[in-house]
Amino acid sequence: MIQKEKVKLMTKMAIFEKKEYTKAMEIMRYRRQDYIALHVILSWICAVISVGFIVALMAFYIISKGSQILFQPSYLKVTAIIGFVLFIMFSFIYCFLTYWHYVEQYEEAEKKFKEYKEMLDQLNQLYEE
């Protein structure tokens with residue numbers, strides 16, 4: 001005989017498996033620290049590449065305008081120091097935001113995975129009855 005509780009539980013599990021199981025499993029195959037560190041490092045590399053691209057575009061633009069002030073040593077030194085400080089600040093803020101985002105993403109996957117495990121346990125209890 002069909003039990004409504006089993007059907008409801010199996011339907012919830014099937015919806016979870018179809019929509020969220022693969023993403024949650026992909027996240028949960030890593031340890032928490034490894035998952036977060038991997039994504040923070042990859043994000044930092046992307047940030048470095050982006051900043052380098054922006055600096056290169058700015059340099060090409062200034063050189064194309066023929067500005068002679070860029071080639072003075074004192075201006076180059078001040079510009080390099082300011083640019084480096086801004087880059088460090090940008091990197092710190094960007095990595096912090098990335099860290100926070102992936103901590104939340106991992107915790108959400110962990111929560112969903114625990115809910116799925118609880119549904120499995122409930123289903124197992126229903127079959128034992």
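S43 lies in helix α3, where helices (H or I, at least four residues) are DSSP runs numbered from the N terminus. With a relative accessible area of 12%, S43 is buried; buried here means under 20% relative accessible area, exposed over 50%, and partly exposed in between, with a 1.4 Å probe and protein chains only. Leaving aside residues up to four places away in sequence, S43 touches Y94, T98 and Y102, contact being defined as heavy atoms within 4.5 Å.

This is a predicted model, in which local features need pLDDT of at least 70 and side-chain atom pairs count only at pLDDT 80 or more, while totals for chains, interfaces and linings use all residues. Residues are numbered from 1 along each chain as its sequence is written, and side-chain values use heavy atoms, with hydrogens and water left out.

## Packing of α3 against α4

Two packed helices are described by the angle between their axes and the distance between the axes. For α3 and α4 the angle is about 145° and the axes are 9 Å apart, the axes being lines fitted to C-alpha atoms over the stretch in contact and the angles running from 0 to 180 degrees between N-to-C directions.

On the α3 side the contact includes R32, Y35, S43 and W44, and on the α4 side it includes Y94, T98, Y102 and E107. By class, this contact of α3 with α4 has 15 nonpolar, 5 polar and 2 charged residues, where Ala, Val, Leu, Ile, Met, Phe, Trp, Tyr, Cys and Pro count as nonpolar, Asp, Glu, Lys and Arg as charged, and the others, Gly among them, as polar. Y35 touches I27, Y30, Y102, Q105 and Y106, again not counting residues up to four places away in sequence.

## The nonpolar core

The largest nonpolar core has 17 residues, and those with the most contacts inside it are L9, M13, I27, Y35, I36, Y116 and M119; such a core is a set of buried Ala, Val, Leu, Ile, Met, Phe, Trp, Tyr and Cys residues joined through side-chain atoms within 4.5 Å. Each of α1, α2, α3 and α4 supplies at least two residues of this core, and the largest share, 9 residues, comes from α4.

## Salt bridges

The structure holds 5 salt bridges, each a side-chain nitrogen of Lys or Arg within 4 Å of a carboxyl oxygen of Asp or Glu. One of them joins K112 to E20, with the closest N and O atoms 3.5 Å apart. This pair links distant parts of the chain, since K112 is in helix α4 (residues 73-128) and E20 in the loop between α1 (4-19) and α2 (21-28), 92 residues apart. K112 is partly exposed at 23% relative accessibility, and E20 is partly exposed at 30%.

R32 forms a salt bridge with E107, the closest N and O atoms being 3.4 Å apart. Because R32 lies in helix α3 (residues 32-65) and E107 in helix α4, the pair ties together parts that are 75 residues apart in sequence. R32 is partly exposed, with a relative accessible area of 29%, as is E107, at 38%.

Within α4, D121 pairs with K117 in a salt bridge whose closest N and O atoms are 3.9 Å apart; being 4 residues apart in that helix, D121 and K117 are separated by about one helical turn. Salt bridges that share partners also join E20, E108 and K112 into one network.
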